[in-house]
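Q: I have a model open on my screen and want to learn how to read it. Can we go through it feature by feature?

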Amino acid sequence: MKLSSIPTAPLTVVGLVGGFLLANRTGNRPLGGVVMAAANAAALPAWTSRGPATATGLSALYWGAMGASHPLAKKIGVWPSVATVAAVSAGAAWAASDRRS
């Protein structure tokens, strides 16, 4: 299987939810960032195959979602916030990349 054919919506969920969970459980926030970076790196071949604008936009949304989850958590709670930003990121990945596979 080529890396550019891997479904990326699940990768964004694993990166955001898994990164948060690992950082939360270990108390090591950079470790959560490693999980997020690994998921982003795994998704990049597929996103890049759709063009540099897609790769840049989806990566920016993915990392922006992580940043947005912090103030959102103060309004709706931690897990609802993580679930919301993961769903938005996964939906965008599916619409811009995976749907066309």
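Q: Which residue follows α1, and what is its phi?
A: G27 follows α1, and its phi is positive, near 75°. A helix here is a DSSP run of H or I with at least four residues, numbered from the N terminus. This is a predicted model, where local features need pLDDT of at least 70 and side-chain atom pairs count only at pLDDT 80 or more, while totals for chains, interfaces and linings use all residues. Residues are numbered from 1 along each chain as its sequence is written, and side-chain values use heavy atoms, with hydrogens and water left out.

Q: Which residues of α4 are buried?
A: Buried means under 20% relative accessible area, exposed means over 50%, and partly exposed lies in between (1.4 Å probe, protein chains only). In α4 the buried residues are S81, V82, V85, A86, S89, A90, A93 and A96. They lie on the same side of α4, because they cover an arc of only 155° around the axis. That arc is taken from the directions from the helix axis to the C-beta atoms.

Q: Why do residues three or four places apart point the same way?
A: An α-helix has 3.6 residues a turn, so residues at that spacing point the same way.

Q: What do the buried residues of α4 pack against?
A: They pack against α1, α2 and α3. Contact means heavy atoms within 4.5 Å. Start with S81, which is buried with a relative accessible area of 0%. Not counting residues up to four places away in sequence, S81 touches S69, L72, A73 and I76. Then look at A96, also in helix α4. With the sequence neighbours up to four places away set aside, A96 touches R50, T54 and L58. The C-alpha atoms of A96 and W47 are 8.1 Å apart, though 49 residues separate them along the chain.

Q: Which residues of α1 are buried, and what covers them?
A: The buried ones in α1 are A9, L11, T12, G15, L16, G19 and A23. Their cover includes α2, α3 and α4.

Q: How much space lies in the largest pocket?
A: On a 1 Å grid over the protein atoms alone, a pocket is an open set of points where a 1.4 Å probe fits, with protein on both sides within 12 Å along at least five of seven lines. Its volume is the space filled by probe spheres set on the points. Here, the largest pocket holds about 400 Å³. Lining residues have an atom within 4 Å of a point. There are 19 of them, and the closest to the centre are F20, R29, M66, S69 and H70.

Q: Which helix supplies the largest share of that lining?
A: The largest share, six residues, comes from α3. α1, α2, α3 and α4 each supply at least two residues.
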